[in-house]
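Please read these notes with the structure open beside you, and look up each residue as it is named.

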Amino acid sequence: MITIENLSISYGKKERVIDALELTISKGTINGIVGLNGAGKTTLLNAMYGLKSIETGGINWNGEKITKKAVSYLVTEPYFYSNITGNEYLSLFKNNNFDVKKWNELFHLPLDKIVDEYSTGMKKKLAILSVIKQDKPILILDEPFNGLDIETCRIIRSIVLKLKEKNKTIIITSHIIETLTNLCDYIHYLEGGKIKYSKEKNEFKDFERELFENLENKSIKLITELLS
Amino acid sequence: MIVNLINIRFKQFYREIHRIGFFRIIVLLGISFMLFVFLYLQTSKFPNAMYASMIVLLLILMLHTKREDKFFLRINCNHFKWIYFVEYLLISLVLLVFLLIHNFWNIALLNIAALVIITQLDFKRNRTSYNTRIQKWIPDECFEWKSGVRNLFPIIVIIWLIGISFSFFVGSVPIALFILGIISLSFLEKGEPYQMIIAFEKEPNKFLYLKIKQQIALLSVISAPMILSFLIFHYHLWYVPFIIFIIFCILQVYAILVKYSFYEPESKSAAAQIFIGIGLVCFMMPIFAPLIILLSLRFYVKAKHKLSYYLNDYY
């Protein structure tokens, strides 16, 4: 179980992005984190991976401080060292049980070519393979569906569901709410540096409708005013 | 537009200087002063003034081939070649002033003409997937070498072969060792994504030790045949290639420590490049050699601190 207690993170002295956040994530579940741009989703994920200094509070995994040993992290825009091949990149992550060739049957990546020749979607697929290869109990996937075609999105969806069956804890952010509501067991809505609502996916659909109707109404008012 | 972009360049330069820190700025200023005195003295006599110009032009040509903002400038500025020219003129300003002081106006004019020619050159890098057998011999963890050898494979092979084939000339092997040493230092100029550091799952000390060990091992592998061929023809000068090799081993250690002291994921640190350049210059002027040892100690502490941000969970 991941427990986040009283977590606060600031950029500089004034700008508090995460403010006394409390969240509990059960082992072996798929969790979606949603929020508007700048809500602090990536900051929260970075903190879970130990890449952001925490001001107060803490993040625990099974009662102990969470470490990188337990987490593999897919960043929104994966970057690769230039002039190395996909195979060479994957070989950096040690896991003898991971059959690269077999896994690549899903993604059809030209793993003998240098990564610089890959398209954005191919780079994302390579990063996803590296995250799966690490075989850690927690997977953090920041916008995993960005830049991918429909077929690959479905493949990733299936992989995530299978990983859940293997008792992995998965945390996903996405701007496509439908994807999350279809895939996740729980959805956490982040606003003003706090988790405003944590709901099971079925409950979230009503909340989502209400929330986005409000936001849309606000925008429509402003657009009408601006274009009048 | 040109003035605005040059202004941005000055701001970028100021930011980098700011990042370097006060103490190191003082060291940098001292070394720069010595370099300028050296350049001033060299530009006072004829052939040396010519050689100094050629070295500066070569450095600018290398900069021009490697700069990554060409596409940005091309799509945002109609007169992008003017921007190149103004920038290169500013870089070679000190040299041009020294040449004019010593009445070598003809060399200065040739220099400016060469700058114009350089701005017209448009090298398109052909990114291909070289997968030679050599690539497979390089351990996967040495991704800097895999990448660097793949990028400069033909140049490295040509220099290596020339070094060995002409080893009966006394200067052939030392020059080849020197050039390959510099090339191998350039492999370290770019910071890898932090995932690639974390993938090692080692604490900072062990990580640095492994990097240094691999770097020196690979440098030894490419240097050994050249050193052996030198010894066959010039055994009485056995110490020459060994001194060059040891200097570059020290520089490799220094460069790794500098790289991780200024490490920023997925980017090149201008400060790191400046300090690696200083390291190279220091070994050309032996009076400064001890400075590299002192700087290495300082950078070791700094690199450990920087890496602990990513590898703190592996102690």
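1. In this predicted model, B:C142 has a relative accessibility of 3%, and because buried means under 20% relative accessible area, B:C142 counts as buried. B:C142 takes part in no disulfide, since the nearest cysteine sulfur, which belongs to B:C249, is 14 Å away, whereas a pair must have its sulfur atoms within 2.5 Å to be counted.

2. How many disulfides are there over all chains? The count comes to zero by the rule used here, and A:C184 gives a second example, for its nearest cysteine sulfur, that of A:C153, is 14 Å away and A:C184 is in no disulfide. A:C184 is also buried, with a relative accessibility of 0%. As a reminder of the term, a disulfide is a covalent bond that joins the sulfur atoms of two cysteines.

3. Next, please turn to the aromatic residues. Over all chains the structure holds 28 aromatic pairs, and one of them is formed by B:Y194 and B:Y310, whose ring centres are 5.9 Å apart and whose planes meet at 15°, so this pair is stacked. The cut-off behind that word is an angle under 30 degrees between the planes. The pair links distant parts of the chain, with B:Y194 in helix 11 (residues 194-198) of chain B and B:Y310 in helix 15 (residues 289-311) of chain B, 116 residues apart.

4. Are the two partners of this pair buried or exposed? B:Y194 counts as buried at 10% relative accessibility, and B:Y310 is buried as well, with a relative accessible area of 7%. B:Y310 also pairs with B:Y309, and here the ring centres are 5.0 Å apart and the planes stand at 85°, so the pair is edge-to-face. B:Y309 itself is partly exposed, with a relative accessible area of 33%.

5. B:S308 and B:N205 are 103 residues apart in sequence, yet their C-alpha atoms are 9.3 Å apart in space.

6. A:G57, in strand 4 (residues 56-61) of chain A, is partly exposed at 48% relative accessibility. The C-alpha atoms of A:G57 and A:I156, which are 99 residues apart along the chain, are separated by 33 Å.

7. A:N6, which is found in strand 1 (residues 2-11) of chain A, has a positive phi of about 50° although it is not a glycine, and A:N6 is partly exposed, at 38% relative accessibility. B:E201 likewise has a positive phi of about 50° without being a glycine; B:E201 lies in the loop between helix 11 and helix 12 of chain B and is partly exposed, with a relative accessible area of 45%.

8. What is the lining of the second largest pocket made of, by class? The lining has 14 nonpolar residues, with no polar and no charged ones. About 380 Å³ of space lies in this pocket, and of the 14 residues that line it, those closest to its centre are B:I134, B:V149, B:I156, B:V221 and B:I222. The elements that give two or more residues to the lining are helix 8 (133-137), helix 9 (143-165) and helix 12 (204-233) of chain B, and helix 9 gives the most, with seven residues.

Terms used
Residues numbered from 1 in each chain as written. Chains lettered and ligands numbered in written order. Predicted model: local features only at pLDDT ≥ 70, side-chain atom pairs only at ≥ 80, totals over all residues. Heavy atoms only, no water. 1 Å grid on protein atoms, 1.4 Å probe; cavity = no way out; pocket = protein on both sides within 12 Å on 5 of 7 lines; lining within 4 Å. Points joined across faces, edges and corners; volume = space filled by probe spheres on them. Helix = DSSP H or I, 4+ residues; strand = E, 2+ residues; numbered from the N terminus. Nonpolar A, V, L, I, M, F, W, Y, C, P; charged D, E, K, R; others polar. Phe/Tyr/Trp six-rings, centres within 6.5 Å; stacked < 30°, edge-to-face > 60°. Buried < 20%, exposed > 50% of the residue type's maximum accessible area, 1.4 Å probe, protein only.
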